[in-house]
Amino acid sequence: MSALRTTHHGACPHDCPDTCAMVFEVEAGKLVGVRGRADHPMTRGGLCTKLRDYEQRHYHPDRLLYPLKRSGPKGSGQFARISWDAALNEIALRWKRLIAEHGPQAIAPYSYLGHQGLVHGLNGGDAFFNRMGATVTERTFCGEGSATAWLMTYGPSGGMDPESFKHSKLIVIWACNSVSTNLHHWHIVKDAQKAGAKVIVIDAWRSRTAKEADWHLAPRPGTDGALAMALINVIIEEDLIDHDYVSRYTEGFDELAARAVGRTPEWAEGVTGIPAADIRRLAREYAGTQPAAIRIGVALERHQGGGQTIRAVCCLPALTGAWRHVGGGILAMPVWEHPYRFDEMCRPDWIPPGTRVINNLQIGRHLTGRIPMDPPILSMMCWNSNPLTQAPESDLIEEGLRREDLFLVVADHFMVDTARYADIVLPAAMGAEMEDIILSWGHNYLTYNAACVAPPGEARSNGEIFRRLARAMDYDEPRLHWSDSECLEHFIDWNAPACAGITLERLRREGYAHLAIGGADDRAPHREGHFPTPSGKCEFKSSLAAGGNFVAGPFRQMYAEQQGGEPLDALPDYVPCRESATSNPALAARYPLNIVSPKSHGFLNSCYANIANKQKAQGEQFVLINALDAAARGVAGGDRVRVFNDRGAFEAVAEITDDVQAGVVVTTLGYWRQLNRGTVNVVSSAEFANMGHAPSFSDNLVEIARLG
Ligand SMILES: Nc1nc2c(c(=O)[nH]1)N[C@H]1C(S)=C(S)[C@@H](COP(=O)(O)OP(=O)(O)OC[C@H]3O[C@@H](n4cnc5c(=O)[nH]c(N)nc54)[C@H](O)[C@@H]3O)O[C@H]1N2
Ligand SMILES: Nc1nc2c(c(=O)[nH]1)N[C@H]1C(S)=C(S)[C@@H](COP(=O)(O)OP(=O)(O)OC[C@H]3O[C@@H](n4cnc5c(=O)[nH]c(N)nc54)[C@H](O)[C@@H]3O)O[C@H]1N2
Ligand code: SF4
Ligand SMILES: [Mo]
């Protein structure tokens, strides 16, 4: 007889737009299985390949179970087990001393979306560190360039509902590898395709998603702005415009038209490599088919001109009136109408005026003094993020983490690359072990996750870790001691119209609920304009541009939105890559290949890259290269190669394929440094793109040489 099996509501906590609703199966106090909720309209009963055996991640033999203290040189991986009391005492002692001697800004938090819960997620430590007066770390890994461009054009609109794509007749997936990264939206796209919709993928190489498209267009990386401007040019020149929509609901058409005059398909062909005839055809098909939907991925923001590119793309559905229809418009990150209480979560009002802000992408420069700092960062705490693998210029990060005078605290599940350099490692609880509501940046459901098993060993949830730290630091503000349940009561505006009919009690009972902001069959938020911009219109010409650059992101603390600096271009345009033959011929002569580094199919960012069956499915670190480029370097398929530039080098196995065009090479993100000879972020640049301090992972020149 098997023991009694119970089931509980779960939600995938990983950094993924799908936020699947799960069923946790528990037997004898252990998680024994996971399933996707069959009744959930997006999850549809299936989990991705990464999460299918999620219970095994919970009980993996390498999981961190006890607090550890470093017992060897930094990075050696030598640690000794200590008690929680000893760990907390040591941290509090060191931090109190640093604060007395250098002030609280010598300490910096570092987190991201390793866990997407409202309680245990990226903002989970913000209130604690704001109370401390620590340096504020701006987090612009993902989406902040798009968010800035989006706000400049549309304001904080949630845009299209992902489920409404079932009504679309033409779907453009632009720089998004949905088959790997947004699987539960891809099902809906496939349904539409079966019902006759044309699916067009615009991607720098023939990705898994591009292979399933009706039409794949491959611009050179970072040239999508030229393509978008040329589409605008054709739509205006050939009068494919919805004049009524443009005149009622948009601002700055005449200026946009003037800007687009020289941006012809012939001009764009030279920039993008896409034939002018194809650009004309795309413009005509897009403008001539309704409803037409665009899904943009994060890679569109990842070059010097990323923000401007996204502004240009955002003009398209307003020019053609696609916004009039359910199933028309754009889907980016549909979070802006979610009623989260970032003010309660983060307590930005506790940040002492004048507190300095550093940036998570440039952490290597901050830690090594490449960006001078007074006082320097003398302590950092990392949770929900693994910067040594995930952030650019990672050799610099490693140099910084080796500093003897840096007191590093890391809370994680495994001895990840960053944790190896920690002074104190704290064992973190995992999905089924903590109650939360998991936010989504890919759909409009609130998804509840029950705590249904106890964490193994002495692992503790992030929420509990910060409560313990608050006690150790003698911070007695009630907010810092709220239980997980009290946090959930406060972190959502349950009285907001979007929560009509939704209560915490109902979520605990049913597991998920769709926000009351319209959905699959009725959401057309801009049918009659209603853009939440200063003008109330879609702003081709942005009224926010005059205030200068700003960082907007759905997971921001509110303060990070302050504007400043030179005014931005009031209109969208093509801005060339920083690292390209036109912008920097000398660099391009030494490093002629543009490397693109999207997400791995088998890993979730750097999660699962240490787990044997996922490694087997994903394969070893590779670089895809065109036969022409391979021949020019004497590289054969299967050869080990060195991929390098002035920032550093990593090793990979070359795979020769015409899925990539000449001049472009592709590898994927997530491989661990400690298991490989370097990873792609050794060669990536920490320079920001032109808007929202977005990364420039696709604006990256390298050279490749055969090894041995
Ligand atoms: N399996 C898996 N799923 C994931 C993740 C994961 O690590 N693994 N990570 C999650 C996270 S954090 C995120 S943000 C999402 C991101 O998911 P996506 O938005 O899909 O992002 P990427 O995989 O980075 O890149 C998408 C595609 O853009 C292409 N691309 C890169 N540069 C350019 C360019 O300049 N122009 C054009 N047209 N295409 C370009 C890449 O070749 C790639 O195929 O995925 C989430 N889902
Ligand atoms: N070259 C290149 N670099 C990229 C990208 C790219 O496309 N190309 N993509 C970028 C993008 S989109 C993103 S979002 C970032 C992501 O960067 P990160 O957020 O740093 O990536 P993850 O690997 O998801 O790191 C999450 C870490 O948190 C841990 N973790 C998970 N759950 C918990 C928890 O409950 N508690 C604690 N304490 N820890 C937990 C995991 O074990 C893991 O070590 O990477 C960026 N870096
Ligand atoms: S990683 Fe994404 S697709 Fe996979 S189970 Fe989690 S939310 Fe679903
Ligand atoms: Mo991301």
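1. A polar contact is a pair of N or O atoms within 3.5 Å; within protein, one atom must be able to donate a hydrogen and the other to accept it, and residues adjacent in sequence count only if both atoms are side-chain atoms. By distance, a backbone N or O atom of Ser180 lies 3.0 Å from a nitrogen atom of ligand 1.

2. This is a predicted model, in which local features need pLDDT of at least 70 and side-chain atom pairs count only at pLDDT 80 or more, while totals for chains, interfaces and linings use all residues. Residues are numbered from 1 along each chain as its sequence is written, chains are lettered from A and ligands numbered from 1 in the order in which they are written, and side-chain values use heavy atoms, with hydrogens and water left out.

3. Around ligand 1 there are 32 residues (a heavy atom within 4 Å). Asp203, Gly222, Asp224, Phe603 and Asn605 come nearest. An N or O atom in the Asp203 side chain is 2.6 Å from a ligand oxygen atom, and a polar backbone atom of Asn605 is 2.5 Å from an oxygen atom of ligand 1.

4. Domain 2 covers 68–142 + 338–514 and domain 4 covers 585–706, with bounds from an automatic or database domain assignment. Their contact (heavy atoms within 4.5 Å) takes 22 residues from domain 2 and 25 residues from domain 4.

5. Two salt bridges (side-chain nitrogen of Lys or Arg within 4 Å of a carboxyl oxygen of Asp or Glu) link domain 2 and domain 4. Arg365 and Glu687 form a salt bridge at 2.8 Å, N to O.
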